[in-house]
Amino acid sequence: MTTVTPTTELFGTPNVNTAKAQLSADIARYLVLMNTTEALGALAQVELAKRAEVFGYLPLERQVELAGQMSRAQLTELIKAMSADERADLFQRLGDSLRISLLAALAQAERDDLLQLAGHEPGTAGAIMTSDYCTVGHALSVDQAIKALRESAPEAETIYQIYVLDAERRLVGVLSLRDLVVAEPEAPVEGLVCSHLVSATVDSTQETVARLIREYDLLALPIVDGEQKLVGIVTCDDAMDVVVDEATEDFHKGASIATHVGNLRDATIGLLYRKRVFWLVLLVFGNLFSGAGIAAFEDVIAANIALVFFLPLLVDSGGNAGAQSATLMVRALATGEVVLKDWVKLLGRECLVALALGVTMAAAVALLGVMRGGPAIAVIVASSMVIIVILGSVIGMSLPFLLSRLRLDPATASGPLITSVADAAGVLVYFAIATQVLEL
């Protein structure tokens, strides 16, 4: 029985032209399926520029694994051919010994650029920017600018946005390649420059950079230092990666998973356990408040056993309503649709919506209350439903605002957390109303 490996399917014989015909991202997907030896052999069949491009599409964990099996000469050659931002990302993940040997093999200019890009704090614009961009001087003519671009364009991340600098490398403005191409050769560049440009600093958050690129439909966002000198750009594809990572992180937090687990298929049992155990154990103790509430009303429950039938229905309704509200608020806060000062306005509207939802749900369960325990039980269940749904919705809406106020991630207001809080509150409301109605 003959086994056809992805190497054979993808590359066939060592033919560089075959590899060139493949999209880099598609080749990278095949490489992920191979073992280390096969992947290194497949990469060796590709010319250097294409190899670096394909390597950049691999997950960082896979890049580190392959880099550790390369010779110093192979790794140095590959690192030099990679784009500046991808090179810096890989460098940060390598071991100390490998980083030291790699730096020793690089030229001084390459070494300085790599250390500068890798030295920025994770989560900032500096950590995701690239130094491969096109610039021209503001005193050049169009013809001179085009000649200058021919020299820098092959190494640039994008050539469609060209940044205009003054003599001290301060950012003057930006012009598009289209404007440059259609302009008269003798026309001055400064007459084509758009000086009303959007930029960010190296300390800006990745989320801010991604939001600016999305809001202004930018191909790339210039990154400047404190003196307004251009130090890098963040392209729209890198911003998209940030958006995906942030959405994934928020999604995991919404399920009370500590942090991003990476590739789920490759995650170990120990990793999944560590990421999930903290919140689950914490919520176990949080749910003790629900049990304490039930214990406080044991006499009422013993005298009216029909109340137990409606307990899961009521507390789950409050938790579900709260989880819905929390999801809407977390997303709105993350996208900037609402800010902290909107809380009062949104609170009033949420109460009205929750009241309408609670009344509708109360009407649905009131008849069941009559059938199970008579009119008194129906009144208890219906009134409890209204109050519990309002209370759960208010908790779900307010907790993300509170976390934002405390400078914490509002995504921590997860469904399980909201449900646990709403459950405890619902138990107290339900049996407090039952006690009052039955005594009357």
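## Basis of the model

The model is predicted: local features need a pLDDT of at least 70, side-chain atom pairs count only at pLDDT 80 or more, and totals for chains, interfaces and linings use all residues. Residues are numbered from 1 along each chain as its sequence is written, and side-chain values use heavy atoms, with hydrogens and water left out.

The predictor's confidence in each residue is given as pLDDT, from 0 to 100. Its average over the chain is 82, and 89% of the residues score at least 70. Confidence is highest in strand β4 (residues 200–201), at 93, and lowest in helix α2 (residues 16–20), at a mean of 40. Over residues 1–21 the pLDDT stays under 50, and the model has 30 contacts beyond four places in sequence for this stretch. A contact means heavy atoms within 4.5 Å.

## Overall make-up

The chain holds 22 helices and six strands. These elements are DSSP runs numbered from the N terminus: helices are H or I runs of at least four residues, and strands are E runs of at least two.

Of the 440 residues in the chain, 41% are buried. Buried means under 20% relative accessible area, exposed means over 50%, and partly exposed lies in between, with a 1.4 Å probe and protein chains only. Among contacts between residues at least 6 apart in sequence, 67% join residues at least 24 apart.

## The sheet of β1, β2 and β3

An open sheet of three strands has the order β1-β2-β3, with mixed pairing. Two strands pair if DSSP finds at least two bridges between them. The edge strands are β1 (135–137) and β3 (171–176), each pairing on one side only. From one strand to the next, the twist averages 35°. For such angles, axes are lines fitted to C-alpha atoms, for helices over the stretch in contact, and the angles run from 0 to 180 degrees between N-to-C directions.

Strand β2 (residues 161–165) runs antiparallel to β3 and is joined to it by five bridges. Gln 161 has Ser 176 as its bridge partner in β3, and Val 164 has Gly 173. Arg 169, in the loop between β2 and β3, has a phi near 65°, a positive value in a residue other than glycine. Most residues other than glycine have a negative phi. Arg 169 is partly exposed, with a relative accessible area of 38%.

## The sheet of β4, β5 and β6

Three strands form another open sheet, in the order β4-β5-β6, and its pairing is also mixed. Its edge strands are β4 and β6 (230–235), each of which pairs on one side only. Strand β5 (residues 220–224) and β6 run antiparallel and are joined by five bridges; in β6, Gly 232 is the bridge partner of Ile 223. Helix α14 (residues 206–216) lies across β4, β5 and β6, at about 135° to β5.

Gln 228 is found in the loop between β5 and β6. The phi of Gln 228 is near 65°, a positive value in a residue other than glycine. Gln 228 is partly exposed, with a relative accessible area of 40%.

## Nonpolar cores and a helix contact

A nonpolar core is a set of buried Ala, Val, Leu, Ile, Met, Phe, Trp, Tyr and Cys residues joined through side-chain atoms within 4.5 Å. The largest has 44 residues, of which Leu 31, Phe 55, Val 209 and Ile 223 touch the most other members. Apart from this core lies another, of 25 residues, among them Leu 307, Ile 380, Val 386 and Tyr 430.

Not counting residues up to four places away in sequence, Phe 55 touches Leu 43, Gln 63, Leu 66, Ala 67, Met 70, Leu 78, Met 82 and Leu 90. Arg 72 belongs to helix α7 (residues 72–81). With the same exclusion, Arg 72 touches Ser 101, Ala 104 and Ala 105. Arg 72 and Ser 101 are 29 residues apart in sequence, and their C-alpha atoms are 7.4 Å apart in space.

## Annotated transmembrane regions

In an unreviewed entry, UniProt lists residues 277–297, 303–323, 351–371, 377–403 and 415–438 under "transmembrane region". UniProt positions are given in the numbering used here, feature names are shortened, and annotations may be inferred rather than shown by experiment.

In the model, residues 351–371 are 100% helix and 0% strand, with end C-alpha atoms 30 Å apart. Residues 377–403 are likewise 100% helix and 0% strand, and the end C-alpha atoms of this span lie 38 Å apart.
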